[in-house]
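Hi,

Here is the structure I promised to pass on. Have a look at it first, and then read my notes below.

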Amino acid sequence: MLRLQLKRIFRRKKKKSFNEKDREKVLSQDTPFAIREAYNSIRTNLMFSGKGEDCPVFVVTSAQPNDGKSINCLNLAVSFAQAGKKVLLIDGDMRNPTVNRYLKKKSEGGLSEYLAGISRSVEIRQTDVKDLYFITAGAIPPNPAELLAGERLGELLEELKKDYECIFIDTPPVEAVTDSSLLVPVATGFIFIVQAEKSDLTVLEHSVAVMEQLGAPIAGFILNKVNAKKQGYYKRYSRYNSYYYKYGSRYGYGKRDGAYGYGYGYGKPAERGTDSVSDH
């Protein structure tokens, strides 16, 4: 009876528009070379930031909503899987799940049900990408932060790390809710997604400062929706980098206190900065 009552308080939330074109942003062999190369470079540097762990856990977030964190979290996981790593992707954004829509999976029957004690085990789903596995966010619960703060998440990750070589977790924006900060004890590194020409640098600095005060290891930043015609604009972000330079025509690379940052743009030259998927 208690489990039935718990299921009833989980509510559905109307999702914003999502179409097939959004799924074209998922990394594949059809993705433009410059973008694939950008993710390859990020992957290489994240491997070096793994602190020697057999299965590092990277948490992907952003300061504000709609900066592209979910598609970047998915594409990082795909990139690692393409390199032959056995990868687990967890949608930890139980407030507004998105990754499942890219993968054409139903969200229910995932993380939230397990953390709430509704399910005794969590369902791990295969994806169309070799070596990439996925745990959905589950039904939207009334108390996501409380679920993430419980002991079950840490225990789950310890068990999962025995079977995988890398874990990526998509989480809500830092400024919106506290969910991301609750993963500090279990994270190898946090990756911030920054949307070019949109993200407020003051807000971003505040988010990073908050996370660092909590002891969060900041692995780096990804600059999303880069417009190559406005390269000068992106130098504003150099306050996070000890250096920043343009690579080819589509992405930049920087370093901050040992952390690495990248930016890229989707689409034809005239479309860069507008064709990239916009998710939360």
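This is a predicted model: local features need pLDDT of at least 70, side-chain atom pairs count only at pLDDT 80 or more; totals for chains, interfaces and linings use all residues.

Residues are numbered from 1 along each chain as its sequence is written, and side-chain values use heavy atoms, with hydrogens and water left out.

Let's begin with helix H4 (69-82). Helices here are DSSP runs of H or I with at least four residues, strands are runs of E with at least two, and both are numbered from the N terminus. H4 has 14 residues and spans 20 Å from first to last C-alpha, close to the 20 Å expected at 1.5 Å a residue (that is 1.5 Å times one less than the number of residues). 13 of its 14 residues are buried, so H4 is largely enclosed by the rest of the structure. Buried means under 20% relative accessible area, exposed over 50%, and partly exposed in between, with a 1.4 Å probe and protein chains only. Just after H4, Gly84 has a positive phi of about 95 degrees.

Helix H3 (residues 33-48) has 16 residues. Among its buried residues are Ile35, Tyr39 and Leu46.

Tyr39 turns up again in a nonpolar core of 29 residues, along with Leu74, Ala77 and Ala219 among others. A core is a set of buried Ala, Val, Leu, Ile, Met, Phe, Trp, Tyr and Cys residues joined through side-chain atoms within 4.5 Å. The largest nonpolar core is another one, with 39 residues, where Ile90, Leu160, Ile167 and Phe190 touch the most other members.

Which strand holds Phe134? Phe134 is in E4 (residues 132-135), and it is buried, with a relative accessible area of 0%.

Finally, the largest pocket has a volume of about 400 Å³. Of its 19 lining residues, the closest to its centre are Val26, Leu27, Leu103, Asp128 and Val129. A pocket is an open set of points on a 1 Å grid over the protein atoms alone, where a 1.4 Å probe fits, with protein on both sides within 12 Å along at least five of seven lines; lining residues have an atom within 4 Å of a point. The volume is the space filled by probe spheres set on the points, which are joined across faces, edges and corners. H4 gives the most to the lining, with three residues.

Cheers
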